[in-house]
Amino acid sequence: MREVTYNDILSFSGNFVALDISVRGTGWCRWLDGEFTFGVVALKEEDAVKRRFEFASFLKELCGKDSYDYIIVEDVIDSCNFKTAKILIQLNSIIDDLVFVGEVKAKEVIREDNKVWKKYLKQLVGYQSKILAGKDKAIIVTGK
């Protein structure tokens with residue numbers, strides 16, 4: 001038996017784009033016809049309306065004219081303050097609008113709570129913490 005890689009796992013998924021939207025830098029990855037790419041984009045606009053258009057332009061460029069089985073977005077669940085939450089909610093819904101008007105071709109937009117996908121990543125790599133419940137960022141910082 002050979003080693004299993006993330007490409008082996010992703011090959012069963014169909015084409016997708018995944019977004020971890022943040023005010024300072026949005027992480028993204030794309031599986032398209034057997035090729036995995038990823039990166040981070042930092043938005044420069046401070047004005048709310050201009051920021052949304054900047055993000056929409058990025059999404060259209062990232063997705064191109066290709067068709068996707070789904071687009072996964074980390075859902076907005078919590079924030080350190082109202083201003084940040086407002087920005088994240090505004091950015092989070094842009095992909096829905098682009099799919100609705102046909103500027104991005106995707107069969108489905110899926111929102112996933114970060115605790116769910118982190119749980120599966122931990123299972124995938126065999127990570128077991130002594131802390132059974134707690135704040136994910138605290139676990140990452142302390143390593144416990």
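Predicted model: local features only at pLDDT ≥ 70, side-chain atom pairs only at ≥ 80, totals over all residues.

Reader: Thanks! Is Thr26 buried or exposed?

Author: Thr26 is found in strand β2, which spans residues 26-32. The cut-off for buried is under 20% relative accessible area. Because the relative accessibility of Thr26 is 0%, this residue counts as buried.

Reader: Which residues are in contact with Thr26, leaving aside its neighbours within four places in sequence?

Author: Contact here means heavy atoms within 4.5 Å. With those neighbours set aside, the partners of Thr26 are Asp20, Ile21, Gly39, Val40, Val41 and Phe55.

Reader: And how many bridges join β2 to β3?

Author: In general, strands of a sheet pair through backbone hydrogen bonds, either parallel or antiparallel. β2 and β3 run antiparallel. Along this pair, Trp31 stands opposite Phe36 in β3. The number of bridges joining β2 to β3 is 7.

Reader: In what order do the strands of the open sheet come?

Author: The sheet is formed by 5 strands, with mixed pairing. Its edge strands, each pairing on one side only, are β3 (35-41) and β7 (109-112). Neighbouring strands are turned against each other by 15° on average, direction ignored. The order is β3-β2-β1-β5-β7.

Reader: Which element gives the most to the largest nonpolar core?

Author: That core has 25 residues, and Leu19, Phe55, Leu59 and Ile71 touch the most other members. Two or more residues each come from β1 (16-20), β2, α2 (48-63), β5 (70-74), α3 (82-92) and α4 (94-100). With 6 residues, the element that gives the most is α2.

Reader: What does Leu59 touch, not counting residues up to four places away in sequence?

Author: Leu59 is one of the residues that touch the most other members of the largest core. Beyond the excluded sequence neighbours, its contacts are Leu19, Ile94, Ile95, Leu98 and Val104.

Reader: Lastly, zooming out to the protein chain, what share of its residues count as buried?

Author: The chain holds 6 helices and 7 strands. It exposes about 9900 Å², of which carbon and sulfur atoms supply 58%. Among contacts between residues at least 6 apart in sequence, 54% join residues at least 24 apart. Of the 144 residues, the buried share is 32%.

Definitions and conventions. Residues numbered from 1 in each chain as written. Heavy atoms only, no water. Helix = DSSP H or I, 4+ residues; strand = E, 2+ residues; numbered from the N terminus. Buried < 20%, exposed > 50% of the residue type's maximum accessible area, 1.4 Å probe, protein only. Core = buried A, V, L, I, M, F, W, Y, C linked by side-chain atoms within 4.5 Å. Pairing = 2+ DSSP bridges. Axes fitted to C-alpha atoms, helices over the stretch in contact; angles between N-to-C directions. Areas by Shrake-Rupley, 256 points an atom, 1.4 Å probe, with all protein chains shown as cover.
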